[in-house]
Every structure is written in structure tokens, then in C-alpha cells.
Amino acid sequence: LIVAPLPYVTDLTQSDQYGCVHWQPEEPPFGGNDETLEEQRKQMLQLHSYEGMTGADREEVCKLMEVTYYYHQCQDINAASHSSLSSLKSSWPYLFCLKVFSTHFQLLTDIPLLTGILEGFQAKGKRILKFFEEKPTNNEVCAIVLKSGQESSLVSCILLLLMAHFKEKFESLFLEADVAATAADIQRTAALPDSPQLIIQGDKMNPEKWMQSVEGKLVLGSSSDTFFEGLAALFAIYYTLNLEYQEGAASTMEFIQR
């Protein structure tokens with residue numbers, strides 16, 4: 001539907017099976033080496049100590065993150081997949097923002113993430129919704145169709161319908177939270193799983209805000225109120241951090257990916 005038309009696979013343990021075309025760089029780019037890449041990483045750490053995540057908007061940071069991604073960041077990401085993402089966030093704080101996640105998704109797949117998701121839902125979303133309206137596949141699908149209306153988010157509605165159709169639990173991928181809850185509130189009170197979780201704030205049929213967690217920690221706060229960007233963040237985290245879709249939501253995620 002959205003990300004990459006791939007042949008059916010039964011084992012998603014290799015990241016290139018998600019449609020990555022640049023997932024295993026063999027050497028540093030642009031004639032760099034370990035020392036120059038490490039110096040660039042420290043340069044970004046120093047900027048982060050002064051400006052925090054606002055520094056991610058700097059053009060120089062975007063360029064540095066792109067230059068260091070193929071080799072240096074990939075090594076650290078692959079190492080973090082076997083340990084903790086906390087060390088990865090400490091080493092590469094600017095990795096954890098939607099802008100950089102989206103850039104890295106495109107570096108991996110040659111697909112512009114936000115554009116791909118938006119165009120995919122615009123082209124096929126209403127067709128999918130009409131199918132379920134005319135041929136609901138089970139009682140839960142029927143209930144979601146009855147609740148949907150003009151005020152419903154098409155993206156959210158399609159996700160809920162797909163999960164109901166595949167008999168996957170809403171809680172395997174999403175967490176509902178009060179629209180007024182802060183990141184600190186959610187981190188303190190919610191039982192966040194290790195797998196990526198999209199936190200929906202407000203009515204799940206028409207979310208007002210979103211946040212993103214992985215490994216039990218909030219890693220992205222909503223930089224916009226547009227829900228399709230929350231879905232984009234979810235996909236970007238799987239791809240950039242080299243994670244598998246969790247079993248309880250794999251069918252829905254694979255359907256959207258294809």
C-alpha cells in the first residue's frame with residue numbers, strides 16, 4: 001500500500017527483506033575514515049549539549065547525520081539491536097527526531113517516507129474503506145465502520161479496520177492516552193512495551209496528537225498534529241533501527257508496507 005511492493009516473505013529477520021537497498025554499507029563515504037566520522041559525531045554531541053533537539057533543524061546537522069549514517073551510525077545501530085537503545089540515543093541524539101528518521105528511511109529505501117505514506121493513503125485509502133463498508137469481514141470491522149464518519153481520520157480508520165480484519169489487537173501497536181498528557185506523564189504512568197508503540201492522544205478515530213516509544217522509552221514527541229506523520233515515525237523507527245514487526249501487528253504493518 002505505502003512503502004515498498006515486495007514479494008511475500010515468511011521470515012523478516014533480515015533488514016533487506018523490508019525493501020532496503022542500502023542496508024549494509026561496506027566503507028565510509030566521501031573518503032572518510034573512523035577518526036573523521038567520530039570527530040563529526042562528537043561535533044554533533046557538543047551542539048546537542050548547547051541547543052538540545054532544536055539543533056536538528058540546522059542544515060549542518062542534517063548533512064552530518066547523512067554523511068555519518070551509512071557507516072558509523074549503522075555499526076552502532078546494529079550493535080544496539082543486541083543491547084540497549086539508551087546508549088544509541090546517548091551517542092546519536094539527533095537520530096531520534098522525525099526529520100532525521102525520515103531522511104534515513106529514504107537513504108535506506110530510496111523512497112521519500114512522508115510523501116509515500118500520504119500519496120498511498122490518498123490513492124488507496126478510500127478504496128479500502130469502501131471495501132470494508134460494503135463487505136465487513138467480521139463483527140469488529142463492522143463496529144469500526146459504524147463509528148467512522150466525516151470527522152474520522154482516514155489514516156487512523158484504515159489502521160483500525162486492518163487490525164480488526166487481521167484479528168490483531170489494537171494494544172499490540174497503539175496506546176491510548178489523554179490528549180492533555182505530557183511525555184513525562186505517559187512515561188511515568190503507562191506500561192510501555194519493548195516493541196515500537198504509537199501513542200494516540202485523543203479519540204482513536206481522530207487522534208489529536210501522537211508520540212512514539214520503543215524499548216519502553218518515549219523517543220519521539222509529536223512535532224505536529226498530523227496523524228499520518230505519526231504512522232511515518234512508526235515505520236521509520238522499524239527501518240532505521242533495524243527492528244522486526246512485532247508478531248501481534250505484523251500482518252497490518254506488512255499490508256501497509258506493500
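Which exposed residues does the face of α6 turned away from its buried side carry? They are Asn139, Leu146 and Lys147. The legends below start with the whole model and then return to this helix.

**View 1. The whole protein is a predicted model of 258 residues.** Residues are numbered from 1 along each chain as its sequence is written. Local features need a pLDDT of at least 70 and side-chain atom pairs count only at 80 or more, while totals for chains, interfaces and linings use all residues, and side-chain values use heavy atoms, with hydrogens and water left out. The protein has 10 helices and 4 strands (DSSP runs, numbered from the N terminus: helices are H or I with at least four residues, strands are E with at least two). Their order along the sequence is α-α-α-α-α-α-α-β-α-β-β-β-α-α. Of the residues, 48% count as buried (under 20% relative accessible area; exposed is over 50%, partly exposed is in between; 1.4 Å probe, protein chains only). Among contacts (heavy atoms within 4.5 Å) with a separation of 6 or more, 63% join residues 24 or more positions apart.

**View 2. Helix α6 spans residues 139–147.** Val141, Ile144 and Val145 are buried here. They sit on the same side of α6, because they cover an arc of only 100° around the axis (the arc of the directions from the helix axis to the C-beta atoms). The cover over the buried residues of α6 includes α5 (113–134) and α7 (154–165).

**View 3. Asn138 lies at the start of α6.** A side-chain oxygen of Asn138 comes within 3.1 Å of the backbone nitrogen of Glu140.

**View 4. Ala177 belongs to strand β1 (residues 174–177).** Is Ala177 buried or exposed? Ala177 is buried, with a relative accessible area of 16%. Leaving aside residues up to four places away in sequence, Ala177 touches Ile186, Ile199, Ile200, Gln201 and Gly202. Asp203 is 26 residues from Ala177 along the chain. The C-alpha atoms of these two residues are 9.1 Å apart.

View 5. The mean pLDDT of the protein is 83, and 84% of the residues score at least 70 (pLDDT is the predictor's confidence in each residue, from 0 to 100). Over residues 4–17 the pLDDT falls below 50. That stretch has 27 contacts in the model beyond near neighbours in sequence.

Notes
Polar contact = N/O pair within 3.5 Å; in protein donor to acceptor, adjacent residues only side chain to side chain.
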